[in-house]
Amino acid sequence: MNLVIEILTGTLFHIQVGKDITVADLKREIGNQENLPENRLILMLHAGGDFFMLNDDELPLAEHGVKDGSHFYLFFKLPHNNGENQDGDGDNINMNPKTPTSQGDSVPTTNK
């Protein structure tokens with residue numbers, strides 16, 4: 001089967017797979033072809049005007065109604081770094097930064 005994969009950037013690519021593969025097999029093939037970490041891939045199938053998340057990696061694609069020409073959207077899970085978020089240089093990133101208020105900042109107040 002020839003499947004169409006679309007990344008959120010709008011980039012499309014095609015992948016050729018057998019009819020009897022599982023969701024995990026498809027993720028592995030995508031990872032190999034596009035040099036992506038398969039353990040971070042999330043697939044959504046677009047079929048008949050509806051969207052379906054493929055959450056069970058062990059299910060065959062055929063059980064989801066996948067056929068030649070099926071269109072998938074590819075998303076990525078955030079990486080896990082033992083509870084810490086890091087950028088590509090290994091620096092910690094604060095995912096919930098607090099905006100400091102300087103003495104010159106004013107905050108409007110209402111009196112009721």
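**Group meeting: a walk through the model**

Start with Phe51: at 44% relative accessibility, Phe51 counts as partly exposed. The scale here calls a residue buried under 20% relative accessible area, exposed over 50%, and partly exposed in between, with a 1.4 Å probe and protein chains only.

Some ground rules. This is a predicted model, so local features need pLDDT of at least 70 and side-chain atom pairs count only at pLDDT 80 or more, while totals for chains, interfaces and linings use all residues. Residues are numbered from 1 along each chain as its sequence is written, and side-chain values use heavy atoms, with hydrogens and water left out.

Confidence next. pLDDT is the predictor's confidence in each residue, from 0 to 100. The protein chain averages 81, and 71% of the residues score at least 70. Over residues 91-107, pLDDT stays under 50, and the model has 10 contacts there beyond four places in sequence. Contact means heavy atoms within 4.5 Å.

Back to the rings. Rings of Phe, Tyr and Trp (its six-membered ring) pair if their centres lie within 6.5 Å; planes under 30 degrees apart are stacked, over 60 edge-to-face, the rest tilted. How many aromatic pairs does this rule give? One. Phe51 and Tyr73 form a tilted pair, 5.8 Å centre to centre, with 50° between the planes. Phe51 sits in strand β4 and Tyr73 in strand β5 (residues 71-76), 22 residues apart. Helices (H or I, at least four residues) and strands (E, at least two) are DSSP runs, numbered from the N terminus.

Now the hairpin. Strands β3 (residues 41-47) and β4 (residues 50-53) pair antiparallel over four bridges; pairing takes at least two DSSP bridges. Met44 stands opposite Met53 in β4. Two residues lie between the strands, and Gly48 in the turn has a positive phi of about 60°.

On to Lys27, in helix α1 (residues 23-34). Is Lys27 buried or exposed? Buried, with a relative accessible area of 8%. What does its side chain reach? Its partner in a 2.8 Å polar contact is the side chain of Asp57. A polar atom of the Lys27 side chain also lies 3.2 Å from the backbone oxygen of Leu41. A polar contact is a pair of N or O atoms within 3.5 Å; within protein, one must be able to donate a hydrogen and the other to accept it, and residues adjacent in sequence count only if both atoms are side-chain atoms.
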